[in-house]
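Hi everyone, thanks for coming.

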Amino acid sequence: PDALTDMLFSAMKEEGVQVGIGRYDEARMFYRAPLYASGPHPTDEFRTIHLGLDLFAEPGTGVHAPLEGTVHAFANNTGRLDYGPVVILRHATDDGQPFFTLYGHLSTDSITSLAVGQRIERGQRIGSIGEMTTNGEWPPHLHLQLITDLLELDTDFPGVAFASQRDVWKSLSPDPNAIVRIPEERLRNTELSKAETLAIRRAHIGGNLSISYNKPLKIVRGWRQYLYDETGRAFLDVFNNVPLVGHSHPRVVKAAQQQMALLNTNTRYLHDNIGRYAMRLTGLMPEPLRVCYFLNSASEANELALRLARTHTRQHDIIVLDNAYHGHTTTLVDISPFKFNGPGGEGCKPWVHIAPVPDDYRGQFKRSDLEAGRKYARSVAELIAQIQSSGKGLAAYIAETLPSVGGQIVFPAGYLAEVYKHVHAAGGLSIADEVQVGFGRLGTHFWGFQTQNVVPDIVVLGKPIGNAFPLAAVVTTPKVAASFDNGMEFFSTFGGNPVACAVGLAVLDVLEEENLQTNARDVGGYLIKKLRALMEHHPLVGDVRGLGLFIGVELVRDRVTLEPATEEASYVVNRLRETGFLTGTDGPYKNILKIRPPLCFTKSDADLFSSALDEILSENPVRI
Ligand code: PMP
């Protein structure tokens with residue numbers, strides 16, 4: 001309340017006004033006290049929709065009746081964040097219909113000399129604005145509400161409503177500006193309704209940028225592991241791996257703001273941030289990964305990785321994993337079977353070779369086969385032999401170190417070591433796409449390639465690297481970097497700029513200080529256990545796999561045939577969204593629930609999520 005008071009009254013001072021307006025029908029996220037909650041959990045609905053008009057002014061400012069009437073009720077609602085001293089006047093329309101006006105957060109002496117039934121003239125002073133200490137602990141203001149039917153609630157009539165009941169409460173409490181008549185332009189409501197936002201999106205943004213969920217979400221705020229929609233509803237973010245250290249982490253935000261205010265320019269001038277960041281980043285990697293290139297998106301980084309490999313090997317062909325996605329540029333779509341074999345795709349280019357996903361649940365070699373890693377690696381050796389027998393050469397094998405789009409896959413032990421051996425024997429380079437899994441998410445290791453005990457020639461980083469600020473990197477060996485330094489300049493206008501590197505450094509600081517890798521290991525392990533327990537009662541859950549906070553829950557209609565439960569997965573994800581949990585699906589059949597929350601996820605978040613999933617899996621449409 002103190003901070004809010006400061007903010008409001010300094011804004012009023014700056015604008016030179018004596019009265020500040022808090023709007024009717026406005027969604028406010030700060031109604032988070034138990035008084036406003038529908039249940040004990042942060043994902044439960046809170047009463048966020050303001051049914052009155054707030055007039056902020058100094059305590060003691062007089063409050064005068066806008067209409068004639070009689071005193072209907074008054075009370076002192078002393079609970080914290082309640083109305084404090086409150087008065088209700090009764091009025092009548094021209095045809096005798098009664099209606100009411102409510103005045104909340106008054107001074108204590110406002111209600112000492114009133115009597116129920118007392119006549120009040122239009123313009124008559126009925127009291128004054130109360131102090132914070134007695135008005136329910138709110139910034140000093142009058143809460144004015146118009147009420148058509150008091151529902152016998154009198155001075156307990158709610159001043160805020162659940163968004164899910166918005167229309168009915170607005171019909172009981174219409175806009176009080178009907179009697180106050182503040183000119184529209186003073187209300188300065190520039191917010192777009194969700195319908196307007198959607199219409200603008202449909203008109204001006206390319207249609208194949210899809211919108212998540214059957215009921216699209218409009219997200220207006222992020223904080224730690226929560227996202228908030230335009231009604232102030234909190235969603236537990238179980239899905240987004242980009243806000244690695246939590247949405248809008250203040251440390252990261254401050255680093256960006258401070259550097260932005262000082263300097264942001266290109267990297268052809270010397271600046272400490274890029275060097276400092278390159279040192280910190282490579283310090284987290286094994287030798288000889290010591291040379292960095294900075295870019296703005298993982299697509300740019302993967303593009304550059306391919307250029308490095310092709311320049312170094314003087315070869316062109318690329319081996320990729322089936323269902324992989326590496327980015328949205330022309331060349332990256334060409335190496336992404338998820339795209340080129342999907343809707344609108346143009347098929348596989350002759351220089352691209354698809355290796356099977358080493359999926360030890362659904363693939364040819366199963367988890368029980370201790371040799372599965374080596375056997376899947378054989379298929380890469382066979383592709384290499386084919387490439388060579390057609391007189392071509394291998395530039396690189398590229399794969400996510402734990403495929404995400406491919407279905408939240410954990411490689412069988414020994415797979416990458418064996419693959420990299422084959423690739424190197426053929427003169428090719430290994431590219432590890434760590435875009436989704438890097439930076440401690442896996443808990444046991446900082447990088448995905450470490451879980452396979454290998455050191456790639458080129459590592460590609462993106463997404464979480466800047467906690468949602470545009471930043472990406474390619475890290476490679478001095479040898480590969482030397483081949484690439486062939487006279488043609490490499491330059492990315494924004495890549496490695498001082499703001500991006502300040503952000504990158506802040507993310508690493510927070511990861512360390514808040515022990516987030518350890519948290520990912522502990523909370524992730526706990527969540528995997530809870531999700532595996534669901535398999536006992538829910539035959540639909542065929543497999544739960546993952547490391548740390550990178551988890552896949554594969555839904556199948558039959559645990560023997562592994563028939564994918566695609567529609568069921570879509571149902572579950574949409575129901576989770578309705579109940580306050582954000583997840584998504586992935587894998588070639590879109591039947592795998594993708595769980596990759598910010599690393600500040602807690603055990604109680606894990607409890608809350610797994611019990612919500614348990615309930616939804618018990619619902620009729622997905623019971624088998
Ligand atoms: N690689 C992987 C594994 C990805 O998941 C993505 C994005 N989903 C990319 C690369 C491309 O990243 P960006 O959208 O930042 O270009």
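Let me start with a definition: we say that two strands pair if DSSP finds at least two bridges between them. Keep in mind, too, that this is a predicted model.

With that in hand, let's look at strand β23, residues 550-555, and strand β26, residues 592-595. They are joined by 4 bridges and run antiparallel. If you want to find one of those partners, go to Gly 552: its bridge partner in β26 is Lys 594.

Now zoom out a bit. Those two strands belong to an open sheet of 4 strands, in the order β22-β23-β26-β25, and the pairing is antiparallel. Which strands sit at the edges? They are β22, residues 541-547, and β25, residues 584-586, and each of them pairs on one side only. Going from one strand to the next, the twist averages 30°.

On to the other sheet I want to show you. This one is also open, with 7 strands ordered β15-β21-β20-β19-β18-β16-β17, and its pairing is mixed. As a reminder, strands of a sheet pair through backbone hydrogen bonds, either parallel or antiparallel. The edges here are β15 (291-295) and β17 (352-355), each pairing on one side only. The twist from strand to strand averages 20°.

Inside this sheet, β19 (residues 429-433) and β20 (residues 458-461) run parallel, with 3 bridges joining them. Asp 433 has Val 460 as its bridge partner in β20. There is also a helix packed on this sheet: α7, residues 272-283, touches β15, β20 and β21 (472-476). The direction of α7 makes about 120° with that of β15.

Remember Asp 433, please, as we move to the ligand. Which residues come nearest to the ligand? Out of 13 around it, they are Ala 298, Ser 299, Asp 433, Gln 436 and Lys 463.

Let's take three of them in turn. Ser 299 has a polar side-chain atom 2.5 Å from an oxygen atom of the ligand. For Asp 433, a polar side-chain atom lies 2.8 Å from a ligand nitrogen. And in the side chain of Lys 463, an N or O atom is 3.1 Å from a nitrogen atom of the ligand. How much of the ligand does the protein bury? Taken alone, the ligand exposes 390 Å², and 83% of that is buried by the protein.

Finally, the shell around the ligand. By class, it has 3 nonpolar, 7 polar and 3 charged residues. Helix α8, residues 298-313, gives the most to this shell, with 3 residues.

Key
Residues numbered from 1 in each chain as written. Predicted model: local features only at pLDDT ≥ 70, side-chain atom pairs only at ≥ 80, totals over all residues. Heavy atoms only, no water. Near = heavy atom within 4 Å. Polar contact = N/O pair within 3.5 Å; in protein donor to acceptor, adjacent residues only side chain to side chain. Areas by Shrake-Rupley, 256 points an atom, 1.4 Å probe, with all protein chains shown as cover. Nonpolar A, V, L, I, M, F, W, Y, C, P; charged D, E, K, R; others polar. Axes fitted to C-alpha atoms, helices over the stretch in contact; angles between N-to-C directions. Contact = heavy atoms within 4.5 Å.
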